[in-house]
Amino acid sequence: MSGQNAPGVALDLIGRSATGNFAEGIAAERAAFVTLRQGDQARALRHIFFAERAARKAGPKVSSLPPLARVAVVGGGTMGAGIAFACLRADLCVTLIEVDASAAERAGATVAGLIEEGRARSKLDAEGAAALAARFTAQAGYAGLEDTDLAIEAVFEDLTVKQSVFRALEAALPEHAVIATNTSYLDVDAIAGVLADPTRALGLHFFSPAHLMRLLEIVRGARSSDAVLALGFDLARRMDKIPVLSGVCDGFIGNRILARMRHTAERVLMRGASPSEVDTALQGFGFAMGPFAVQDMAGLQIALATRVRQDQAGRQGAAYCGVLERLVAEGRLGQRTNMGWYDYEGGKRRPSARCAEILAEERARIALPARAMPPEAIAAVVLAAMADEARAILNEGIASSGSEIDLVEVHGYGFPRVRGGHRIFGDGGLAIIFGRVEDRGRGAPRWDRCPETFLSAIMLAQNGIVLH
């Protein structure tokens, strides 16, 4: 893992074993083990290890679980097909529902492709692949769901559309069946409110690709019954996923923190940083990709739709960063158009001159003075803002513990496992998340190079004053 100390130490010890004697080698191994065990990285990794195991035992305690043998998934796009495949791998029978026969045929082909991919990668043998295919059906419409125990809608992120699906499922399903929404942001209570009995509904927020990502946010609606929530946890365990219970709010736990991250990163842009400088700073911290590279990969129109729905421009006033709107208006939608925050050529990302021009114009409009920021200060501002949002989520009761928030960030959003998560902001200071001098991985940034800038950025972000 990038930035993790132990693998490099292990390689050094292996190298020494080729030239040293046995006694010296054993002594060196023991000394290295003791040092690593006492370090912040080991503490962080132990924290995540035990949080994962606690999550597998979590969930409401009920006298008996509702039945769970047959599942219906509504929507055969990338997400719906991935959910269907994950259910098949959990030994469930699955009916995938689409709007018409041609869409159902495409969805069925997508799931068949996932089954074949599993066989090709030796995740499934021929007999296992055949068993999955035998338990799967793709169809148009809601007929034949009388024996279904759980239905999961995975359609377009639109409240009216999802409510329409819930009404159709209520009419088609038996009374005992649980109805779940895979919404990423929308109000689960508003979706479930169209049901005669909202106690049978909950949110099951899968992460894309659903058959690979291990996190499952189980969203507790205002009237979700304990039995329904317990079924959600049971499903997660059958899928070998990490379940985390969330209350209802815009974006739940993970996407709410992600929105704060992106908003803060854009504020950093408005004070003089470039997208590549922000992304590089967060990659140095341990993220696989920075926020602007991720937006380009997902599609800028998706980020813009969320922003419009949240009315960020109306709430932020003149200081609002309007770069994203201008990029989308010019058709710069990210990787699929070969231009977004970056330009792309031959699949390779490079800084965009046009994006730099738009940034300069937006900075001039807001009339904020530019300020050079080293990477450790950029990371400090963004990460402290994320931690502040995590604290708000905990204080509001959306999450029940800081450890659960850490699991969401690590398993859903690429927060570096070796850093331990946001919880350390209230449990041991800043050292774990940013790394002490003596606990850096090889080639990792020196987070101690400018402590005054670093700490002032932390204090600004934690008090809600983000570079303006």
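The structure is a predicted model. The chain contains 20 helices and ten strands, and 50% of its 468 residues count as buried. Among the contacts with a separation of 6 or more, 71% join residues 24 or more positions apart.

**Confidence**

- The mean pLDDT of the chain is 87, and 88% of the residues reach 70 or more.
- Residues 425-456 have a pLDDT below 50; beyond near neighbours in sequence, the model gives this stretch 71 contacts.
- For residues 461-468 the pLDDT also stays under 50, and the model has 22 contacts there beyond four places in sequence.
- Where pLDDT is low, the predicted coordinates should not be read in detail.

**Nonpolar cores**

- The largest nonpolar core holds 58 residues, of which Ile253, Val278 and Trp341 touch the most other members.
- Helix 17 (residues 375-395) gives the largest share of this core, with nine residues.
- A second, separate core has 42 residues, including Phe136, Leu202, Ala210 and Leu216.
- Leaving out residues up to four places away in sequence, isoleucine 253 touches Glu217, Val244, Leu245, Ser246, Ile393, Ile398, Ala399, Ile405 and Val408.

**Largest pocket**

- The volume of the largest pocket is about 1,600 Å³.
- Its lining comprises 42 residues, and the closest to the pocket centre are Ser184, Ser208, Asn255, Ala298 and Ile302.
- Two or more lining residues come from each of helix 4 (78-89), strand 6 (201-206), helix 10 (254-270), helix 12 (291-298), helix 13 (300-310) and helix 18 (402-413).
- Helix 13 provides the largest share of this lining, six residues.
- By class, the lining of the largest pocket has 24 nonpolar, 13 polar and five charged residues.

**Second largest pocket**

- The lining of the second largest pocket divides into eight nonpolar, two polar and eight charged residues.

**Helix 12 and its surroundings**

- The buried residues of helix 12 are Pro291, Phe292, Ala293, Gln295 and Asp296.
- These buried residues pack against helix 10, helix 11 (275-285), helix 13, helix 15 (323-329), strand 9 (342-345) and strand 10 (348-351).
- Glycine 299 follows helix 12 and has a positive phi, near 115 degrees.

**Backbone geometry**

- Most residues other than glycine have a negative phi, and most peptide bonds are trans.
- Serine 208 and proline 209 are joined by a cis peptide bond, with omega about -5 degrees.
- Proline 209 lies in the loop between strand 6 and strand 7 (215-219), and serine 208 is among the residues closest to the centre of the largest pocket.
- Serine 122 has a positive phi, near 65 degrees, although it is a residue other than glycine.
- Serine 122 is placed in the loop between helix 5 and helix 6 (126-134), and it counts as exposed because its relative accessibility is 63%, above the cut-off of 50%.
- Phenylalanine 252, likewise not a glycine, has a positive phi of about 55 degrees.
- Phenylalanine 252 sits in the loop between strand 8 (242-246) and helix 10, and it counts as buried because its relative accessibility is 0%, where buried means under 20%.

- Valine 268, a residue of helix 10, counts as buried at 0% relative accessibility.
- Valine 268 and valine 382 are 114 residues apart in sequence, yet their C-alpha atoms are 8.3 Å apart in space.
- Threonine 199 belongs to the loop between helix 8 (188-192) and strand 6, and is partly exposed, with a relative accessible area of 25%.
- Apart from neighbours within four places in sequence, threonine 199 is in contact with Arg223, Ser224, Ser225 and Val228.

Definitions and conventions. Residues are numbered from 1 along each chain as its sequence is written. This is a predicted model: local features need pLDDT of at least 70, side-chain atom pairs count only at pLDDT 80 or more; totals for chains, interfaces and linings use all residues. Side-chain values use heavy atoms; hydrogens and water are left out. A nonpolar core is a set of buried Ala, Val, Leu, Ile, Met, Phe, Trp, Tyr and Cys residues joined through side-chain atoms within 4.5 Å. Buried means under 20% relative accessible area, exposed over 50%, partly exposed in between (1.4 Å probe, protein chains only). Helices (H or I, at least four residues) and strands (E, at least two) are DSSP runs, numbered from the N terminus. Contact means heavy atoms within 4.5 Å. On a 1 Å grid over the protein atoms alone, a cavity is a set of points where a 1.4 Å probe fits but cannot get out, and a pocket is an open set with protein on both sides within 12 Å along at least five of seven lines; lining residues have an atom within 4 Å of a point. Grid points are joined across faces, edges and corners, and a volume is the space filled by probe spheres set on the points. Ala, Val, Leu, Ile, Met, Phe, Trp, Tyr, Cys and Pro count as nonpolar, Asp, Glu, Lys and Arg as charged, and the others, Gly among them, as polar. pLDDT is the predictor's confidence in each residue, from 0 to 100.
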